[in-house]
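These are my notes on one structure, taken down in the order in which I looked things up.

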Amino acid sequence: MDSDVPPLVVDIDGTLTDESRALDPRVVPVLREWPERVVVATGKAMPFPIALCEFLGIERTVVAENGGVVFVEATDELRLEGDYEAAVAVAEAYRDLGYDFGFGEIDLANRWRETELVVSLDRPLEPLEELAAAKGLVVLDTGFAYHVTDPVVDKGTGLEAVCEELTLDPGDFLAVGDSVNDAQMFDLAGEAVAVANADETARDRADRVTDASFADGFLEAVAPYRA
Ligand SMILES: O=C(O)COP(=O)(O)O
Ligand SMILES: [Mg+2]
């Protein structure tokens, strides 16, 4: 690898994983050996990207909950932003209409969340969107879950917060992702790559779209820097 390798900000679900959210083992050496900063930016709750970094053996530099949570190990910084109370109120109102979140009684998708909530894709979207809008929140469909999120944060604001901490420029980053929740980080990154399975928003906001899907797409996106 040469010195032209950019820092990397990478999504998890749909980018490092297959459609069932299983990590592709071929991404492990790529991330572990990346010579510049790696930021893991996800809609998942913080324990997931933190665990991923730990198991990879890389520094924990994480944007979780679509920007609501930012953790930078190098500077010991944890930022929480976004109206979690509003998300909880939306969830309660959704339950009052007779809908559950769809993740079972022990809901591991929401258990460790601090700034936003998620609802299963098989639950009705329209009432969720109405309730969210009434509280100033938005619903993001990542292809893996509906995220009830405060629009003051996104993966772009998360990347900016990481860069502030580490005195980096978001414009120097290579970003790789697959969905609408990656759009703002795509806008900031110097080079934004959508994997072939990406949704329309991510494709539109990317500089290029890979031929291959899921982790094969990620490997294609980073290939020019791994010669
Ligand atoms: O799981 C989701 O809904 C989204 O997660 P991702 O941002 O890592 O793709
Ligand atoms: Mg994704």
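**Entry 1. Domains.**
I note at the start that this is a predicted model. I looked up the domain assignment and found domain 1 (8-80 + 153-225) and domain 2 (84-149). I then checked the distance between their centres, which is 23 Å when taken over C-alpha atoms. For the contact between them, I found 16 residues of domain 1 against 12 residues of domain 2. On the domain 1 side of this contact, I have six nonpolar, six polar and four charged residues.

**Entry 2. The ligand.**
Which residues surround ligand 1? I listed D11, I12, D13, G14, T42, G43, K44, T142, F144, A145, S179 and N181.

**Entry 3. The eight-stranded sheet.**
I traced an open sheet of eight strands in the order β5-β4-β3-β2-β1-β9-β10-β11, and its pairing is mixed. Its edges are β5 (77-80) and β11 (208-209); each has a single partner strand, so one side of each has no neighbour in the sheet. Helix α5 (residues 155-166) packs on this sheet and touches β1 (8-10), β2, β3, β4 (69-72) and β5. I noted an angle of about 25 degrees between the direction of α5 and that of β4.

I looked at one pair inside the sheet. Strands β2 (residues 38-41) and β3 (residues 61-64) run parallel and are joined by two bridges. A41 has V63 in β3 as its bridge partner.

**Entry 4. The three-stranded sheet.**
I found another open sheet, of three strands, ordered β6-β8-β7 and paired antiparallel. Its edge strands are β6 (117-119) and β7 (138-141), and each pairs on one side only. From one strand to the next, the twist averages 30 degrees. Helix α4 (residues 125-134) packs on the sheet, where it touches β6, β7 and β8. The direction of α4 makes about 140 degrees with that of β7.

I went through the pairings of β8 next. Three bridges join β6 to β8 (residues 146-149), and these strands run antiparallel. Along this pair, V119 stands opposite Y146, and L117 stands opposite V148. On the β7 side, four bridges make the link to β8, again antiparallel. There L140 has H147 as its bridge partner. Four residues lie between β7 and β8, which form a hairpin. In its turn, G143 has a positive phi of about 90 degrees.

Which way do the residues of β8 point? Y146 and V148 point one way, H147 and T149 the other way. I recorded all four of them as buried. The general rule is that side chains of a regular strand alternate between the two faces of the sheet.

I picked A132, which lies in helix α4. Is A132 buried or exposed? A132 is buried, because 28 other C-beta atoms lie within 10 Å. Leaving aside neighbours within four places in sequence, A132 is in contact with V90, L137, V138, V139 and V148. I also took the C-alpha distance from A132 to A206, which is 28 Å across 74 residues of sequence.

E54 sits in helix α2 (residues 47-56). E54 counts as exposed, because it has 10 C-beta neighbours inside 10 Å. E85 is 31 residues away from E54 along the chain, and their C-alpha atoms are 30 Å apart.

**Entry 5. Positive phi.**
Most residues other than glycine have a negative phi. I therefore wrote down the non-glycine cases that I came across, among them R21 and D76, against that general rule.
R21 has a positive phi of about 75 degrees, and R21 lies in the loop between β1 and α1 (27-33). R21 counts as partly exposed, because it has 13 C-beta neighbours inside 10 Å.
D76 has a positive phi of about 60 degrees, and its place is the loop between β4 and β5. With 8 other C-beta atoms within 10 Å, D76 is exposed.

Methods
Residues numbered from 1 in each chain as written. Chains lettered and ligands numbered in written order. Predicted model: local features only at pLDDT ≥ 70, side-chain atom pairs only at ≥ 80, totals over all residues. Pairing = 2+ DSSP bridges. Axes fitted to C-alpha atoms, helices over the stretch in contact; angles between N-to-C directions. Contact = placed C-beta atoms within 7 Å. Near = placed C-beta within 6 Å. Domains from an automatic or database assignment. Nonpolar A, V, L, I, M, F, W, Y, C, P; charged D, E, K, R; others polar. Buried ≥ 20, exposed ≤ 12 C-beta atoms within 10 Å, placed from the backbone.
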